[in-house]
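I opened my notebook for a slow walk through this model. Here is what I looked up, entry by entry.

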Amino acid sequence: MTMRIGMIGMGVISKFYVAGFPRVDEAKLVAVCDLRKERVAPFEARGIDATLDYRELLARADIDAVIINVPNDEHYAICRDALAAGKHVCCEKPLTIRRADAERLVDQARAGGRTLFTAFHRRYNVNVVRALPQLADRSRIAAVTARYLERIEEHAGDDRWYLDSRRCGGGCLADNGPNVFDTLASFLGRLDVTRAAVERDGAGIDREADVDLVNEGGIPVHVRLDWAYPRGERKDIEVSLKSGERIAIDMLAGFDEFKGSLWHEYEEILRDFVATIRAGGCHGEDGLDAVRLVSDAYAAEGPSRAAQARKRAVPTTVVKLLQHKRSDRGFVLERHATRCVRAGEVHELVTTDQATAGPGDRVDRVGFLGFVEARAAGVIERGDLVVHGGTVIGRVLGFDACHFPNHYNVLVAAAAPLTAGELGLVVEDTVKFLPGEPSPEIEGR
Ligand SMILES: NC(=O)c1ccc[n+]([C@@H]2O[C@H](COP(=O)([O-])OP(=O)(O)OC[C@H]3O[C@@H](n4cnc5c(N)ncnc54)[C@H](O)[C@@H]3O)[C@@H](O)[C@H]2O)c1
């Protein structure tokens with residue numbers, strides 16, 4: 001019987017799905033949804049039902065499955081609601097931008113007996129698929145390098161969510177990492193992160209990332225991601241064999257049209273989604289695995305290349321969450337621009353939008369994040385980037401000592417006073433202090 005499918009999110013990528021439907025006998029597109037009327041109107045004209053509210057689509061008993069093709073930060077809530085409505089789900093990568101959310105979805109899909117499938121389009125790329133037989137014997141492989149290089153502005157639609165780290169999950173690592181990790185895992189098996197370096201732009205988006213991984217048999221893997229690549233795009237994998245031979249897989253070979261390979265890749269996603277449901281389903285395991293690697297890579301992140309020579313990163317673990325805000329707190333910034341912390345010390349993190357406050361100034365408008373434990377000794381410095389997962393929370397503004405010697409209040413300049421809940425912090429998460437731009441005031445002391 002034909003699977004009746006609804007699509008939520010009709011932006012840049014939707015046309016590749018839509019084009020695949022007529023070629024996949026077992027799948028029929030019966031309804032579409034987007035917040036923007038002009039995106040669904042052409043479908044209505046073709047007799048496909050359209051709505052601006054995804055809940056209406058999910059409420060329909062005659063829809064078996066949905067494709068979720070919205071910005072990354074909206075995947076979790078819509079997947080959750082779709083599974084709760086009893087639909088099978090095909091969700092774009094990354095499954096979620098937070099690991100805890102991906103774990104929740106996997107549990108929900110298992111408990112409800114629904115398929116949760118992640119659309120990793122590169123695993124169907126014809127150049128990858130052709131190379132797989134040569135890679136089947138892992139004992140021949142000495143090392144693997146993968147490159148995923150593009151200029152993100154050429155790939156983004158008119159909504160700029162890609163360039164907002166809180167909406168896309170970080171930047172190139174959160175967004176492109178999952179596709180690369182999944183493709184590599186398809187012939188290398190389980191991967192684990194050993195080291196990561198990330199370069200961010202002034203807006204806190206990661207534009208470049210280098211991730212070292214190792215597979216379960218000890219094969220070293222290097223992944224290079226670049227969102228600021230000036231020369232078109234390059235997406236390839238190079239496998240070095242122990243014999244000295246090399247297998248080069250160029251995912252874009254044979255596709256001259258911009259994004260031309262996506263036509264066949266998305267047709268195969270549809271075909272595999274339907275076949276997976278028919279075969280008894282999957283429950284988001286592969287999607288979660290890619291989210292795990294992204295999350296581990298951000299957790300392993302050290303200082304950027306530029307900052308590496310100046311100062312080590314200070315990794316901390318969240319030990320207690322705080323959820324309140326105040327507009328009259330009366331913190332006073334210490335005159336010191338740096339504070340030394342020892343491993344095991346606990347300090348409080350507080351956000352503020354009073355970004356221009358300096359030594360001696362009073363800071364009133366604050367949001368409380370919670371307490372963190374330093375995992376290594378180091379120096380926290382005014383201007384340090386405060387990073388959670390792929391998201392830059394803000395920069396260290398200074399220190400308030402009203403609770404010292406119990407702990408310092410580390411004031412973080414952010415877009416707004418934020419609480420732990422608003423940032424999705426959970427206990428045991430990693431929050432890092434990464435060296436920011438060198439400040440003459442600090443360097444010249
Ligand atoms: N653009 C690419 O090159 C590319 C490639 C592979 C995968 N993806 C993934 O595909 C997904 C979509 O990316 P895109 O580039 O098509 O984004 P896009 O911004 O072009 O389209 C997203 C669409 O979702 C709609 N939308 C947002 N919230 C919604 C909601 N609550 N209900 C209904 N509609 C809603 C928006 O109005 C927009 O039309 C993302 O997860 C992305 O990571 C994108």
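**Entry 1: a loop residue to start**

I began at Glu 428, which sits in the loop between helix H13 (420-423) and strand S25 (430-434). For these labels, helices (H or I, at least four residues) and strands (E, at least two) are DSSP runs, numbered from the N terminus. I noted a phi near 85° for Glu 428, a positive value in a residue other than glycine. Glu 428 counts as exposed because its relative accessibility is 60%. My cut-offs are under 20% relative accessible area for buried, over 50% for exposed, and partly exposed in between (1.4 Å probe, protein chains only).

A note on sources: this is a predicted model, in which local features need pLDDT of at least 70 and side-chain atom pairs count only at pLDDT 80 or more, while totals for chains, interfaces and linings use all residues. Residues are numbered from 1 along each chain as its sequence is written, and side-chain values use heavy atoms, with hydrogens and water left out.

**Entry 2: the whole protein**

I counted 14 helices and 25 strands in the secondary structure. The C-alpha atoms fill a box of roughly 70 × 60 × 40 Å along the principal axes. Does the radius of gyration of the protein agree or disagree with that of a compact globule? It agrees, because a compact globule of 445 residues would have a radius of gyration near 22 Å, and the protein has 23 Å. That radius is taken over C-alpha atoms, and the globule rule is 2.2 Å times the number of residues to the power 0.38. Buried residues make up 56% of the 445 residues.

Next I wrote down the domains: domain 1 (3-120 + 279-285), domain 2 (123-259 + 290-299) and domain 3 (307-443). These bounds come from an automatic or database domain assignment. The centres of domain 1 and domain 3, taken over C-alpha atoms, are 39 Å apart.

I also checked one pair of residues, Ala 45 and Val 412, which are 367 residues apart in sequence and 51 Å apart in space, C-alpha to C-alpha. Ala 45 belongs to helix H2 (residues 37-45), and it is exposed, with a relative accessible area of 70%.

**Entry 3: the ligand**

I found 27 residues surrounding the ligand, and the closest are Asp 34, Arg 39, Glu 74, Tyr 162 and Lys 259. The shell divides into 12 nonpolar, 7 polar and 8 charged residues. In this sorting, Ala, Val, Leu, Ile, Met, Phe, Trp, Tyr, Cys and Pro count as nonpolar, Asp, Glu, Lys and Arg as charged, and the others, Gly among them, as polar.

I then listed some distances to oxygen atoms of the ligand. An N or O atom in the side chain of Asp 34 is 2.6 Å from one, a polar side-chain atom of Asn 72 lies 2.8 Å from one, and a polar backbone atom of Val 12 is 2.9 Å from one. Taken alone the ligand exposes 830 Å², and the protein buries 94% of that. These areas come from the Shrake-Rupley method with a 1.4 Å probe; for residues, only the protein chains shown count as cover.

I came back to Lys 259, one of the residues closest to the ligand. Lys 259 lies in the loop between strand S12 (246-250) and helix H10 (262-278), and its phi is near 65°, a positive value in a residue other than glycine. Most residues other than glycine have a negative phi. Lys 259 is buried, with a relative accessible area of 17%.

His 155 is in the loop between strand S7 (141-149) and helix H7 (165-168), and counts as buried at 7% relative accessibility.

**Entry 4: cis peptide bonds**

Lys 93 and Pro 94 are joined by a cis peptide bond, with omega about -10°. Pro 94 is in the loop between strand S5 (88-92) and helix H5 (99-112). A cis peptide bond also joins Phe 404 and Pro 405, with omega about 10°.

How values were computed: A residue is near a molecule or strand if one of its heavy atoms lies within 4 Å of it. A polar contact is a pair of N or O atoms within 3.5 Å; within protein, one must be able to donate a hydrogen and the other to accept it, and residues adjacent in sequence count only if both atoms are side-chain atoms.
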